[in-house]
Amino acid sequence: MGAADVEAVWRIESARIVAALTRFTGDFGLAEDAAQEAVAEALVSWPLAAPADPAGWLMATARRRAIDAIRRRTALRDRYALLATDPAVDEDIDPDRIDDDILALMFISCHPVLSPEARVALTLRVVGGLSSEEIARAFLVPVPTVQARITRAKKTIAAAGVPFELPPAGERRGRLGGVLSVLYVIFTEGSTATSGDRLLRPDVAYEAIRLARTLAALQPDEPEVHGLLALCELTAARFPARTAPDGSPILLEDQDRRRWDFSAIRRGLAALAKASTRGLGPYGLQAAIAAAHASAPSVEATDWDRIVVLYEALGRVAPSPVVELNRAVAVAMASGPAQALAIVDELIALDRLPGSHLVPTVRGELLARLGRRPEARAELELAARLCTNQRERSVLLRKAAALG
Amino acid sequence: MPKYLLIMRGTDESNAAMMASIEEGIARTRLFIEEMMKAGVLLAAEGLDDPGQGAVVDFSGEAPVVTDGPYGETKELFGGFFLLDVTSKQEAVEWAKRVPAAPGSKIEVRRVPEEDEVPQDSTVQR
């Protein structure tokens, strides 16, 4: 067995192992360290002698490392307490308890005491089973930065005395919202990279989808979990059509819709149907908008009136200037650019999205459609200056140049 | 992400072994499917009916020839599949090893090429 085999088993088992050890030791940081030690040992010993039961080997080794760590700690504090604290090894695995433990692991990784960056790193590491190197690659940050974030996060959790448990009923919804937003941050990093020279990083988006599927399987009665999953599936369905062979982005209106991933669309629509049973939340509404695009044969044949209504609903449940801007784009398609320009100008007047390249991008497009070419060109050039994604920037400059 | 198809290939012996404890087999398969769903990797799973319920369309001649039932000399019969969304062949194989398959059967692990590996039309050159 090689490193890739070890990684494969680890991907499947890591969350379970860390969850089981956290319950067993009551110490999340210690559990994570012990699990990492086990996988490091596997990388050395499996190529020499493959275990008959790799998953069991990892769990048993991690458990031994956890016991070693407790013993060391206990020895330092009170040698005589050793016998009393020697933990019993629980070999029985109760599937329902494992589900709750993995959920608890997600809640602890996305805990509000942690910084947003730490939540992302910890979730990918302990729930997703990614290495620090993989996380660093995903977010284009140095490996030591990721390692420092994870170390600090574990200390923060210990210092804050965060318990390993499902949040109490009263906090559950809010905390679940926190988990969903971490998954969405991971997804958007893959679907529109905030930096670097590539527009899409499907492997990052895939991690978010995989975690969202896990959460949907563990929390089947939460509509917004299905809403987020639907949004991710429907957005990812367009990935194959979103970039040209040279890596430059292709806008929705120019995409070859035959290249969309129809099985992903079907999965997205199925998840949306589950989200719709009790009224759509912010993720469900965004998924419904994505579904309206996914079901349309062309831009012209898109139900823009419905999309406007969905953006209005989204603006009520989750008001944001970005939603307003998107509503303006939909209004432009449904009722013409003049009405849309009024919405954008109001956003600018109120300075709701300062420094964003999106406002001048949309304003430039609207002005171009209204035939106000010199103003349109100036707006698109401004957008290009503000844009941090190199691929998007060159599209903006090309459009500006085309306006003469 | 690469997708992998796990193709169940049973023999008469393994199918007979499975039918002998069919309820246990169904219960174990259901648990296995749940486990893959909770891991976020399962895209589709289907089991196939007795080949006697199907037909074979043979294209050896000029016109397709249809015969009922299984193909004459087949020793191994496709019994069903799981379609997985995983990061590597090793991960697909690791899941395949966990399938509650009957003794004597085989699972073929096949990669589904990604969209950008398949030429879409003659203008696309990679």
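1. A salt bridge is counted here where a side-chain nitrogen of Lys or Arg lies within 4 Å of a carboxyl oxygen of Asp or Glu. On that rule, six salt bridges link chain B and chain A. The model is a predicted one, and the counts below should be read with that in mind.

2. One salt bridge joins the side chains of B:Glu35 and A:Arg16, with an N to O distance of 2.9 Å. On the chain B side, helix 2 (22–38) and helix 3 (89–97) each supply at least two of the residues that touch chain A. Helix 3 of chain B gives the largest share of that side, namely five residues.

3. As to extent, 22 residues of chain B and 25 residues of chain A take part in the contact. The two chains bury about 2,000 Å² between them, and 54% of this lies on carbon and sulfur atoms.

4. Polar contacts across the interface of chain B and chain A come to nine residue pairs, both members being at pLDDT 80 or more. The side of chain B that touches chain A is made up of ten charged, seven nonpolar and five polar residues.

5. Within chain A, helix 6 (residues 116–127) packs against helix 8 (residues 143–159) at an angle of about 100°, and their axes are 9 Å apart. Angles of 65 to 115 degrees count as roughly perpendicular, and helix 6 and helix 8 of chain A are therefore roughly perpendicular to each other.

6. Helix 6 of chain A brings A:Glu117, A:Ala118, A:Ala121, A:Leu122 and A:Arg125 to this contact, while helix 8 of chain A brings A:Arg149, A:Ile150, A:Ala153 and A:Ile157. By class, the contact between these helices has six nonpolar and three charged residues, with no polar ones.

7. Over all chains, the salt-bridge count is 33. One of these pairs A:Arg65 with A:Asp68, whose closest N and O atoms are 2.7 Å apart. Both residues belong to helix 3 (residues 54–77) of chain A; because A:Arg65 and A:Asp68 are three residues apart there, about one helical turn separates them.

Methods: Residues numbered from 1 in each chain as written. Chains lettered and ligands numbered in written order. Predicted model: local features only at pLDDT ≥ 70, side-chain atom pairs only at ≥ 80, totals over all residues. Heavy atoms only, no water. Contact = heavy atoms within 4.5 Å. Buried area = accessible area lost by both parts, 1.4 Å probe. Polar contact = N/O pair within 3.5 Å; in protein donor to acceptor, adjacent residues only side chain to side chain. Helix = DSSP H or I, 4+ residues; strand = E, 2+ residues; numbered from the N terminus. Nonpolar A, V, L, I, M, F, W, Y, C, P; charged D, E, K, R; others polar. Axes fitted to C-alpha atoms, helices over the stretch in contact; angles between N-to-C directions. Parallel < 35°, antiparallel > 145°, perpendicular 65-115°, else oblique.
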